[in-house]
Amino acid sequence: MPTLLIVHHTPSPATAEMFDAVLRGATDPEITGVDVVRRAALAATASDVLAADGLILGTPANIGYMSGALKHFFDQVYYPVLDDTRGRPYGLFVHGNLGTEGAVKAVGSIADGLDWKQVCAPVVVTGSPDKKALEACWELGATVAATLMD
């Protein structure tokens with residue numbers, strides 16, 4: 001069974017809301033045959049990434065960059081997974097109160113270096129997530145999970 005790994009750093013209520021919506025989309029009853037695994041960015045390992053067929057990454061934008069926790073995740077897994085995860089589909093959600101562009105660009109640069117394939121546009125929310133933003137998060141989760149269906 002294909003595995004979707006959701007690696008997230010969700011310290012704020014807003015990022016946690018977004019994560020919950022992504023998870024609901026990824027585990028929708030119409031998504032069948034996909035195992036969804038979630039790991040906090042500080043707990044996720046190279047073994048988790050190697051076992052995954054696709055990924056969703058979630059982070060707050062801190063001072064215009066991805067969270068230190070997600071950066072730490074990438075620092076730990078980059079070289080151990082580099083040769084074995086090329087072409088993996090991925091999605092991204094980012095929350096910030098100011099300047100989210102740097103976080104989106106940084107994650108995209110690292111994912112490009114890993115040769116992961118972005119399967120949908122990042123969901124970027126500034127301020128409190130409204131209904132439309134949470135629907136976009138749900139869609140992100142469902143879209144990435146559906147790419148893994150047999």
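How many helices and strands are there in the chain? Some notes on that and on the packing follow.

1. The chain has five helices and seven strands, taken as DSSP runs numbered from the N terminus (helices H or I, at least four residues; strands E, at least two). Read along the sequence, the pattern is β-α-β-α-β-β-α-β-α-β-β-α.

2. A word on the basis: this is a predicted model, with local features needing pLDDT of at least 70 and side-chain atom pairs counted only at pLDDT 80 or more, while totals for chains, interfaces and linings use all residues. Numbering starts from 1 along each chain as its sequence is written, and side-chain values use heavy atoms, with hydrogens and water left out.

3. Overall form: a compact globule of 150 residues would have a radius of gyration near 15 Å, and the chain agrees at 14 Å (taken over C-alpha atoms; the rule is 2.2 Å times the number of residues to the power 0.38). The C-alpha trace spans about 35 × 35 × 25 Å along its principal axes. Of the 150 residues, 51% are buried (under 20% relative accessible area, with exposed over 50% and partly exposed in between; 1.4 Å probe, protein chains only).

4. Now the cores, meaning sets of buried Ala, Val, Leu, Ile, Met, Phe, Trp, Tyr and Cys joined through side-chain atoms within 4.5 Å. The largest holds 29 residues, and those with the most contacts inside it are Val7, Val49, Leu57, Leu70, Phe73, Phe74 and Trp116. Elements giving two or more residues to this core include β1 (3-8), β3 (54-62) and α3 (68-81). A second, separate core of 23 residues includes Ile6, Leu23, Val34 and Cys137.

5. Val7 is worth a click: leaving aside residues up to four places away in sequence, Val7 touches Arg39, Ala41, Ala44, Ile56, Leu57, Gly58, Leu70 and Phe73 (contact is heavy atoms within 4.5 Å).

6. On aromatics, the count is four pairs (ring centres of Phe, Tyr and Trp, the last by its six-membered ring, within 6.5 Å; planes under 30 degrees apart are stacked, over 60 edge-to-face, the rest tilted). Tyr78 and Tyr79 are edge-to-face, because their centres lie 5.1 Å apart with planes at 80 degrees. Tyr79 is exposed, at 67% relative accessible area.

7. Tyr90 and Trp116 make a tilted pair, with centres 6.3 Å apart and planes at 55 degrees. This pair links distant parts of the chain, 26 residues apart: Tyr90 sits in strand β5, Trp116 in the loop between α4 and β6 (117-118).
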